[in-house]
Structures are given as structure tokens and as C-alpha cells.
Amino acid sequence: MKIPFVSFLPMEKELNSDLRGAFDRVFTRSWYIEGAEDEAFEKAFAEYCGAKYCIGVGNGLDALMLALKALGIGEGDEVIVPSNTYIATALAVTYVGATPVFVEPDIRTFNINPELIEAAITEKTRAIMPVHLYGQACDMDPIMEVAKKHGLKVVEDCAQAHGATYKGQKVGTFGDAAGFSFYPGKNLGALGDAGAVVTNNKELADMIRALGNYGSDYKYHHIYKGNNSRLDELQAAFLGVKLPHLERMNVERRRIAALYSDGIKNPKVITPYIPDYTVPVWHIYGIRCAERDALEKHLNDKGIRTNKHYPIPMHLQECYKDLNITKGSLPIAEEISSTELSIPMYYGMTDEEIQYVTDAINEF
């Protein structure tokens, strides 16, 4: 049996006619930027998240960068980020001229450890950027308490966590703003690059919208030195088709994850830990194994495609050598990067496929 790491086919087969209808609707209107589709999706996604405002942007990295920029974070500032995440989190900090300061995760959840944040705060610290990695919420209460105590801004990175909850409240609504990615592989994915910022602050929302539109509040009037990062009508239309199905598709991901967690019995393999404060949406199902590379080869040989999130931690990436963080300085991030293996997880997996993956892991 051959099982891809991810497949869009089951979802796209279900939504085929609606997606084609969305394309025809936009094409017939001949209006491709800042139109009715964008407005409708922004309203619907804000309501879905439980936020007052949503601003569509070009991608998830831009969402984080524009949020930081609107909050006045820039040259000479520091932003606390988890040491274990995708590099876009750190790049957003870099792009506004600030410096990312890496804080280690909890080895059980892979998310930033709130107990370690305060020790990383300096007189230059301006914000904390928690990442709800793999679709599982961070422990937000202690993070928000530290931020309040030290007068810091909080920008949530929700790129992998559309619909995840913390103590019954959807992620993206705890901090000053939150960035979402709608990259095609995400739980809510466009058919190209797309992203959004959500916030409950109108002034901040207006500024982010202007910053993403060349710094313009109305045509040819520029109040900021902005960027070009807008959610185009076509992607907004596709996202508008998919959004009403997100909850049921997340429910199915939870069912798949439960089958994996119940079925994987190999003592060499550590399955994901789920704290009682979160209901994850399982963008990724990541296991850990000391013999990760051998396990990966074993699964690949059986036709099971896998991935690694992420094989080189950010502080050891070539582009961040200027931070002078040596190997061994962030051992938990390095441990995760050398042992994590992501196994197939997507809407539409059959029970037979799930069992095949489970059996192959147990045979290792």
C-alpha cells in the first residue's frame, strides 16, 4: 500500500463543484483585489475565531510581520519565540528589525515552556510570540500573566492551529493579535499562498490593513511605509468555500489522531501528549523515536511517506549564525529536531490506511 504524507484529493473531490463555482464567480466579476469575496471571508473568519477583526494578507509570514510592525516593534527590540518551530516565526521578527530570543519548549508538548519565559526577558524585550505548534494550543494563561507583568505585547502564531482551543476559547484571541497561514497544506488551506491577522483592537486592525496595502488608508494616500500583502479575491473565495467545513474536518483529524494514539504500541515510539487544557486540531501528528531515521526508512520502504518538523532547529540554521548560538545551547529543541517524525495525517484517510501505518510502526 502507498500512503502519501498528505493528500488534498478527498477534500477537493467533496468540494469540487463549489470551488469551481467560486472561481467562476470571481472570474465573471473581473474584480481580483480587495473585493466582496475578501470582505465576506474576513467577516466569516473573524466570527469563526471569536475575534472582532480579520485582515487578509498574502501569507502567514506576512501576517506575523505586519502584526509586529503595527505594534511598533523594530530595531533594537527583542521578541521571545519558541526554540522549536518553523523558521517563519523568527523571520517575522527579523523582518521588522528586531532580534528573536529563543526559549525552550516543554518536551512533552513541543510548545514554548511558560516557566522559562521570564528568565529570557531583558530591558529590550517588547513581545512574546507563542506558537500553537502542530495544531495544539500553548498554555496561554501563564504566558499572558508574564506578558502583563512585564508590559509585553503578545502575537500568537496560529499558522498550524485553525480552530484549536485553549480552555474552550479558540486560539488567536488571547494576545494583541494573531497570525494565520492558509498555505494549501494547512487545515484551512487556500489553493496558493494566503494568510490573515485577527485582533480585537480596531486601531491595530486599521493599521495592519494599511500596512499591507502600501501603507495607504485610501488610494494614493500613504500614511506608513508599508508593504504589498493582500489576500486576493480568488483565494478568499476558495477559503470561503472551505471554512464552513473546517470544524467537521478537524473532528475527523481528531478521530484519526485518536486511532493512532490508541493503536501505536511500539515502546520505541513516543506518541503526542495532550494537556487537558487544549483540544488540538492535528495539523501534524508528530511522534518521537530515538531511531528516527531508521524508522523513517522502514516506513518509506513500506510505501508510507513521512516528514520531519523540523530537522534543523532555527538557531543552527545558516541564516541565524549571526546570533552566535552554539550547538548544545538549546538541547530540547535539538532533541526534538533529531527524534521527531511526522506520519500521514489528512482529512479523508481511510481506516485501512490508518491501520496500515499503525501496524508498520508497531513492526519496527
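Predicted model: local features only at pLDDT ≥ 70, side-chain atom pairs only at ≥ 80, totals over all residues.
Local features shown here need pLDDT of at least 70 and side-chain atom pairs count only at pLDDT 80 or more, while totals for chains, interfaces and linings use all residues. Residues are numbered from 1 along each chain as its sequence is written, and side-chain values use heavy atoms, with hydrogens and water left out.

**View A. Helices α8 and α11 pack together.** Here you can find α8 (residues 246–263) beside α11 (residues 351–363), at an angle of about 30° and with axes 10 Å apart. Helices (H or I, at least four residues) and strands (E, at least two) are DSSP runs, numbered from the N terminus. Axes are lines fitted to C-alpha atoms, for helices over the stretch in contact, and angles run from 0 to 180 degrees between N-to-C directions. The two helices are therefore roughly parallel (angles under 35 degrees; over 145 is roughly antiparallel, 65 to 115 roughly perpendicular and the rest oblique). From α8, look for R255, I256, L259, Y260 and G263, which meet D351, I354, V357, T358 and N362 of α11 (contact means heavy atoms within 4.5 Å). By class, this contact has 5 nonpolar, 3 polar and 2 charged residues (Ala, Val, Leu, Ile, Met, Phe, Trp, Tyr, Cys and Pro count as nonpolar, Asp, Glu, Lys and Arg as charged, and the others, Gly among them, as polar).

**View B. Helix α2 packs against helix α7.** The axes of α2 (residues 36–49) and α7 (residues 233–242) lie 8 Å apart at about 40°, so this pair is oblique. On the α2 side the contact is made by A36, E37, D38 and F41, and on the α7 side by E233, A236, A237, L239 and G240. These residues divide into 5 nonpolar, 1 polar and 3 charged.

**View C. An open sheet has 3 strands.** Follow the order β12-β14-β15, with antiparallel pairing (two strands pair if DSSP finds at least two bridges between them). The edge strands, β12 (269–270) and β15 (340–343), each pair on one side only. Helix α9 (residues 292–301) packs on this sheet and touches β12, β14 and β15, its direction making about 20° with that of β15. Between β12 and β14 (residues 285–289) there are 2 bridges, and I270 has R288 as its bridge partner in β14.

**View D. T109 sits in a loop.** The loop lies between β3 (99–103) and β4 (125–128). T109 is buried, with a relative accessible area of 9% (buried means under 20%, exposed over 50%, partly exposed in between, with a 1.4 Å probe and protein chains only). Leaving aside residues up to four places away in sequence, T109 touches Q136, Y273, P275 and Y277.
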